[in-house]
Amino acid sequence: MADVRIEKLYKAYGAVEVIHGVDIDIPDGRFVVLVGPSGCGKSTLLRMLAGLEGITAGTINIGGRVVNNLPPAERNIAMVFQNYALYPHKTVAANMGFALKMQRMPKPEIDQRVATAAEILGLKPYLDRYPRELSGGQRQRVAMGRAIVREPQVFLFDEPLSNLDAKLRVQMRAEIRELHQRLGTTTVYVTHDQIEAMTMADQIVVMRDGHISQQGSPLELYDRPDNVFVAGFIGSPSMNLIEGVAGHNGTSQTVEAQGVSLLAPERAGLEAGRKVILGIRPEHLELDDTGFEAKVAVVEPTGSETHVVLRAAGQEIIAVFRDRHAFRPGDVIRLKPRPEMVHMFDADTGLRLN
């Protein structure tokens with residue numbers, strides 16, 4: 001195991017710069033998820049860690065050793081890819097032990113390591129099978145087993161669950177997290193799925209256009225996003241972001257948004273007329289006769305919750321209710337946000353105000 005330190009890391013392809021001076025400190029044993037939309041630079045950053053992409057500037061330090069110029073084989077890392085990358089003509093056991101065989105490790109030690117990994121991953125009954133005889137989830141376990149047998153300092157995962165169906169993704173999320181808790185190996189995991197990030201990570205790094213928008217624990221990012229991008233990206237359904245103008249209602253500060261007057265968070269300290277964005281998570285909107293009017297557009301029952309798409313303040317918003325309500329499209333209801341859970345951002349910079 002080892003800590004990973006990324007300092008002032010840049011990557012450019014000719015005149016096109018794709019990673020812009022990234023700094024990330026990953027303590028030993030931490031499970032870190034790099035998350036962001038397509039094209040944000042997260043996979044490029046992971047490949048730079050692995051040694052599969054060159055570094056334009058900056059340093060990557062793994063276990064106290066700068067690895068900028070080391071080839072992948074000398075970095076003591078193991079990578080699990082999205083497409084499994086298994087040899088179709090080799091058995092599960094042969095696939096898992098292939099890298100060790102290339103290192104000329106004695107066969108008894110290879111067999112012992114493969115058996116141990118197979119026990120951890122529930123693959124013992126499949127060691128003599130070929131990849132074509134396995135399900136998608138079993139193939140992904142084999143790919144993970146091939147990484148485990150190398151006993152690396154750092155695991156790297158590049159969107160490993162993208163090819164699996166929804167139910168299997170949930171199962172594999174839990175298995176990867178349990179595996180990390182069991183082995184304690186420093187792990188860097190890339191995904192575009194913020195639900196994966198929230199449920200698996202000790203630390204999330206949200207990336208956008210080659211920059212880090214925010215990094216911290218999952219609940220830190222959820223409860224206190226630094227900017228509008230993180231507020232809208234972390235959480236499902238997304239946070240409602242309502243543009244308005246600061247005003248006053250007697251002794252209270254308000255935000256006026258196309259005929260809807262919303263109370264601003266306490267101690268907002270806004271000058272009248274300032275353009276702001278209120279952030280309200282769907283689960284923090286409650287039915288209240290004193291609230292603002294919203295017209296029901298779509299009702300989406302999920303079983304445990306009901307998601308309601310509404311029109312209010314000149315835009316579409318979403319509310320989530322744990323209780324069951326007989327809403328119908330066209331109904332007009334009144335909603336009120338929980339004041340202590342309202343977020344405030346500057347409309348020009350997108351940065352958090354309260």
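Which residues does Glu256 touch, not counting residues up to four places away in sequence? See the first view. A word on the model: it is predicted, with local features needing pLDDT of at least 70, side-chain atom pairs counting only at pLDDT 80 or more, and totals for chains, interfaces and linings using all residues. Residues are numbered from 1 along each chain as its sequence is written, and side-chain values use heavy atoms, with hydrogens and water left out.

**View 1. Glu256 in strand S12 (residues 252–257).** Leaving aside residues up to four places away in sequence, Glu256 touches Gly244, Val245 and Ser261; contact here is heavy atoms within 4.5 Å. Glu256 counts as partly exposed because its relative accessibility is 36% (buried is under 20% relative accessible area, exposed over 50%, partly exposed in between, with a 1.4 Å probe and protein chains only). Arg334 is 78 residues away from Glu256 in sequence, and their C-alpha atoms sit 16 Å apart.

**View 2. Ile176 and the largest nonpolar core.** This core has 45 residues, and Ile176 is among those with the most contacts inside it, along with Met96, Met144, Tyr189 and Val206. Such a core is a set of buried Ala, Val, Leu, Ile, Met, Phe, Trp, Tyr and Cys residues joined through side-chain atoms within 4.5 Å. Not counting residues up to four places away in sequence, Ile176 touches Phe31, Met144, Phe157, Pro160, Leu161, Tyr189 and Met200.

**View 3. The largest pocket, with a volume of about 380 Å³.** Its lining takes in 18 residues, and Ile77, Ala78, Met79, Phe81 and Arg150 are the closest to its centre. A pocket, on a 1 Å grid over the protein atoms alone, is an open set of points where a 1.4 Å probe fits, with protein on both sides within 12 Å along at least five of seven lines; lining residues have an atom within 4 Å of a point. Volume is the space filled by probe spheres set on the points, which are joined across faces, edges and corners.

Technical notes. Helices (H or I, at least four residues) and strands (E, at least two) are DSSP runs, numbered from the N terminus.
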